[in-house]
Amino acid sequence: MARECIKVGIIGTGAIGSLHADNLMRRTMSATVVAVMDIDAQKASAVAAACDGARVYADASDLIADPDVDAILIAAPDVTHANFALACIEAGKPVLCEKPLATSAADAERIVKAELGLGRRLAQVGFMREYDRAHRDLLDLLQSGAIGAALKFRSAHINPVFHRELTIDSVITNSLIHDIHSARWIMGAEISRAFVQWLPSNPAQPRSARLADLQVAFAGGAIGSLEYNGDSGYGYEVTVEVTGEKGMITTAAHPSPALRRADAVSQAITPNWPERFAQAYIDEAQDWIDHIRRGEAAGPSAWDGYMSLLAAEAAIRSSQTGVPQPVRAGERPDLY
């Protein structure tokens with residue numbers, strides 16, 4: 001029998017943590033936020049107040065151990081993800097961990113092994129594009145056989161302007177990690193080889209990155225190209241295109257109407273990720289809660305987080321060597 005209401009604790013109350021808290025409190029059925037934690041006490045208190053007076057913790061371990069917390073959402077800095085996720089698994093509590101699952105494949109593998117030892121899935125990774133309607137519609141059409149076997153995957157991840165400059169390493173593990181997972185998920189195959197090229201945002205810092213192109217090969221023979229633009233100057237876009245044996249599929253254009261006026265056609269572009277993926281975040285939260293209530297796990301798994309990081313690390317090695325690098329993958333366990 002499904003549980004009545006899932007009481008969630010949130011670790012990290014920055015932009016993404018605050019978004020999740022608002023969605024869980026106001027847009028998700030059978031969920032409530034009862035505890036929050038952040039090293040910034042002012043931010044944590046503000047989010048707690050918006051969550052009907054949720055408890056505020058200064059230490060993540062105390063929040064995870066709270067017997068009144070049924071499940072945990074991790075939205076803290078990337079370097080904390082692996083240890084917090086492991087602590088949740090050790091406590092036997094379901095956890096939705098924002099991407100990336102860890103900052104190294106070795107740490108992600110620790111999480112996979114912890115779940116294998118437990119014999120059940122507790123971790124879900126925040127690859128919310130699996131819940132985006134445009135991505136799902138493309139996948140449904142691809143799986144229908146409309147264009148035959150997929151031959152090439154192309155994606156573009158376009159940001160409007162730098163909020164902070166990133167190194168090529170950070171671009172790969174923090175931004176392109178989304179596109180790496182989307183490529184695996186949509187193509188239904190693991191990435192077997194990776195090679196990255198990029199343009200520095202600062203010529204004096206050659207590993208800074210404004211624009212990057214990650215070229216990949218998939219097990220089975222297909223190829224892919226994943227583009228990142230950190231400073232487009234015009235808006236936020238995420239698009240996917242798949243070329244098949246008998247045709248091509250492209251994700252739907254922007255949801256805004258096309259305006260035809262004065263000898264021109266124009267269409268508004270979303271300014272940033274919270275607007276572009278607003279519904280996907282809501283659907284992700286609802287699906288997570290629904291499965292917890294049934295005692296199940298679904299969505300992107302710890303294995304997905306691990307495999308995406310293996311591909312990311314191959315891309316980083318290619319940035320250091322200048323040549324394509326293999327992705328050293330193992331057998332997918334039956335649990336996943």
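View 1. The model is predicted: local features need pLDDT of at least 70 and side-chain atom pairs pLDDT 80 or more, while totals for chains, interfaces and linings use all residues. Numbering starts from 1 along each chain as its sequence is written, and side-chain values use heavy atoms, without hydrogens or water. In total, 44 residues line the largest pocket. Nearest its centre lie Asp78, Lys99, Arg164, Asn174 and Trp273. The space in this pocket is about 1200 Å³. A pocket is an open set of points on a 1 Å grid over the protein atoms alone, where a 1.4 Å probe fits, with protein on both sides within 12 Å along at least five of seven lines; lining residues have an atom within 4 Å of a point. Volume is the space filled by probe spheres set on the points, which are joined across faces, edges and corners.

**View 2. Helices contribute to the lining of the largest pocket.** At least two lining residues come from each of helix 1 (15-26), helix 4 and helix 7 (168-187). Helix 7 gives the most, with 5 residues. Helices (H or I, at least four residues) and strands (E, at least two) are DSSP runs numbered from the N terminus. The protein chain has 10 helices and 17 strands.

**View 3. The second largest pocket holds about 250 Å³ of space.** Its lining has 14 residues, and those closest to the centre are Ala252, Ala253, His254, Pro255 and Arg276. Helix 6 (133-143), strand 13 (237-244) and helix 8 (273-276) each supply at least two lining residues. Strand 13 has the largest share, 3 residues. By class, this lining has 5 nonpolar, 4 polar and 5 charged residues.

**View 4. Helix 4 (residues 81-90) is largely enclosed by the rest of the structure, because 7 of its 10 residues are buried.** Buried means under 20% relative accessible area, exposed over 50%, and partly exposed in between (1.4 Å probe, protein chains only). The buried residues are His81, Ala82, Phe84, Ala85, Leu86, Cys88 and Ile89. Their cover includes strand 1 (6-11), helix 3 (60-65), strand 4 (71-74), strand 5 (95-97) and helix 5 (105-118); contact means heavy atoms within 4.5 Å. Gly92 follows helix 4 and has a positive phi near 75 degrees. Across the whole protein chain, 54% of the 336 residues count as buried.

**View 5. Lys99 and Pro100 are joined by a cis peptide bond.** Omega is about -10 degrees. Pro100 sits in the loop between strand 5 and helix 5. Lys99 is also among the residues nearest the centre of the largest pocket.

**View 6. Asp52 has a positive phi of about 55 degrees without being a glycine.** Most residues other than glycine have a negative phi, and most peptide bonds are trans. The loop that holds Asp52 runs between helix 2 (41-50) and strand 3 (55-57). Asp52 is exposed, at 67% relative accessible area.

**View 7. Asp263 is a non-glycine residue with a positive phi of about 60 degrees.** Asp263 lies between strand 15 (258-261) and strand 16 (264-267), in the loop. With a relative accessibility of 86%, Asp263 counts as exposed.

Conventions
Nonpolar A, V, L, I, M, F, W, Y, C, P; charged D, E, K, R; others polar.
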